[in-house]
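Thanks for coming. I have one structure to go through today, so let me put it on the screen.

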Amino acid sequence: MTPADFEYLCSPEARRLIGEHIGRDPLELALALKNPLVTQQVELLQKARTKLPSYYDARCVLTRELYEQASSEATACARTFPSARPGTSSGGTDEGAAHGEAESAVAWDLTCGLGVDTLALSRHYRQVAAVERDPLKAAIARENFARLGAGNITIVCSGAETFAGGGFLSLAPELQRPALIYLDPSRRSADGRRAYAIENCEPNLAALLPALRAIARHTARNNGSATVNPGGITTFPDGIAGNPGSIPANPEALLPGTPAEDPPGHIIAKLSPMLDVDELLRLFPEAAVEVVSADNECREVLLKFGFETSGKPLQITILPGGTGSKPLRLSFARRANAIRPGQSTPETSRETLGDAPGTATSPRHAETPILNEMQWLHNPDVALVKSRTVEAYIADHYPGIAVLPGEYLLSAAPLERFAGRSLRIAAIWPWKPRDVARLLKERGIRTADIHRRGFAESAEKIARTLGIRQGGTAELWLTTIGGEAIAVLTEKCVRTPR
């Protein structure tokens, strides 16, 4: 999109045409209207109806890049935020702090983009400073926030490095003291390739973090001339406050006081869902990590600094599938050892899962499942699998249930409020491919989804071996028990957490 395109899309004519044709098929509209800009907006808005319902309702201006990179509104709105006073938040579980004191505070979003995360912040904080490097994207965000009625957002056209390197000092004093600094580094390089490592994303969180932590800890001085302009755009040229778009070598020099005088401030960085959770905790031992999932898909990994975790830095948020339900939130001290069939847990294991220190607990024994009694297969939510907290979750909520290789569970009775999918078992067979192929054929099953975590063969190869195609209503789960491989057949009768 060019500046001229954007200017046209803001015109009364374009807005009228989009409103008149919002429900039409984009292909038909392209042939009939012969207006590519309006047609593309109609197409993108139709896609946004589920992912970004507020943007659809307000008929906001979208680009394909901004739409694809944006968080969904459901994910952004499910986050909890710290209170106005640093050090008082419960690390993402205190709804009162998120919706009470934070309303009188200020937040910064250093990577505005389309502004979905900024919009979520604006509903919790009195004022939000939204930083966007690209002038056109900043203009699009300003226009969209106006259409959305978000009048408490100040847009700053600047790079995050320039802003954190001293540019923020030119804001009005009330915007210089953020209760929360949020950023979602771009995971695409300049040539469009995907980037996963933290240091390859833009901005580079590892390089920026010292400055952000200094800002979050201290009260900044106001030594600039810019004023707050909610709904407008403040532009910071390179070199403002003596920092030519770079991160200061000594961030503390920008701010009064010493680090010891202030509690740690709050920083949330949204990272690639592909990143390893254990590696993040190793690189940033002082941080908490939150894994967020929806529809059994990992949506985001959040690295959180300055949050009180009560010794439980691993946090899980599972967004509900239906409306009106609240997210399921879980916290873990660390990963427990797997409770395998026939093994006992040590007496100290409960303490690592959150019981009061010194609590006496008898060892628990994970019984080897009696296969002909098993009626249910349970597949933990991807957030638990991603964070490697399945064993801790099962030990804490369903003691005595064995976790099989692949992190599946079998039980004779349903597991109430299980965080994941629970499916009725149709059959359990020893994993002998020829026999399983014959048994599937006898049941008239020609298609099935194949789950094989921990198996060397790919799902495609297993399907070819069995003479079936992937898909359909049946599901085949491959795991081992007592050293023997088994195949569990289920139907897609799903129970999800309530």
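I will go through the sheets, then the rings and charges, then some local backbone points.

First, the conventions. This is a predicted model, in which local features need pLDDT of at least 70, side-chain atom pairs count only at pLDDT 80 or more, and totals for chains, interfaces and linings use all residues. Residues are numbered from 1 along each chain as its sequence is written, and side-chain values use heavy atoms, with hydrogens and water left out. Helices (H or I, at least four residues) and strands (E, at least two) are DSSP runs, numbered from the N terminus.

Let me start with the open sheet. What is the order of its six strands? The order is β12-β11-β13-β16-β15-β14, with mixed pairing. Two strands pair here if DSSP finds at least two bridges between them. At the edges are β12 (409–411) and β14 (449–451), each of which pairs on one side only. On average, and ignoring direction, neighbouring strands of this sheet are turned by 35° against each other. For the angles, axes are lines fitted to C-alpha atoms, for helices over the stretch in contact, and angles run from 0 to 180 degrees between N-to-C directions.

Within this sheet, eight bridges join β15 (residues 474–481) to β16 (residues 484–491), in the antiparallel sense.

Next, strand β6, residues 266–271. Buried means under 20% relative accessible area, exposed means over 50%, and partly exposed is in between, with a 1.4 Å probe and protein chains only. His266, Ile268 and Lys270 point one way from β6, while Ile267, Ala269 and Leu271 point the other way, and all are buried. Strand β4 (residues 180–183) runs parallel to β6 and is joined to it by four bridges; Ile181 has Ile267 as its bridge partner in β6. With β8 (residues 297–305), β6 pairs in the antiparallel sense over five bridges. There, Lys270 has Leu302 in β8 as its bridge partner.

Helix α16 is largely enclosed by the rest of the structure, because six of its eight residues are buried. Those buried in α16 are Val390, Glu391, Ala392, Tyr393, Ile394 and Ala395.

Now the rings. Searching the whole structure gives nine aromatic pairs. Rings of Phe, Tyr and Trp (its six-membered ring) pair if their centres lie within 6.5 Å; planes under 30 degrees apart count as stacked, over 60 as edge-to-face and the rest as tilted. Tyr398 and Phe418 make a tilted pair, at 6.0 Å centre to centre and 50° between the planes. This pair links distant parts of the chain, 20 residues apart: Tyr398 is in the loop between α16 (390–397) and β12, and Phe418 in the loop between β12 and β13. Tyr398 is buried at 12% relative accessible area, and Phe418 is buried at 2%. Elsewhere, ring pairs link Trp108, Phe163 and Phe168 into a cluster.

There are also charges over rings, meaning NZ of Lys or CZ of Arg within 6 Å of the ring centre and within 35 degrees of the ring normal. Lys51 lies over the face of Tyr67, 4.6 Å from the ring centre. The charged end of Arg59 sits over the ring of Tyr56, at 4.6 Å from its centre.

Arg59 comes up again for its backbone. Its phi is near 50°, a positive value in a residue other than glycine. Arg59 is in the loop between α5 (53–57) and α6 (64–69), and at 26% relative accessibility it is partly exposed. Asp295 also has a positive phi for a residue other than glycine, near 55°. This residue is in the loop between β7 (288–294) and β8, and it is exposed, with a relative accessible area of 63%.

Last, a peptide bond. Glu202 and Pro203 are joined by a cis peptide bond, with omega about 5°. Pro203 lies in the loop between β4 and α12 (205–217).

That is what I had.
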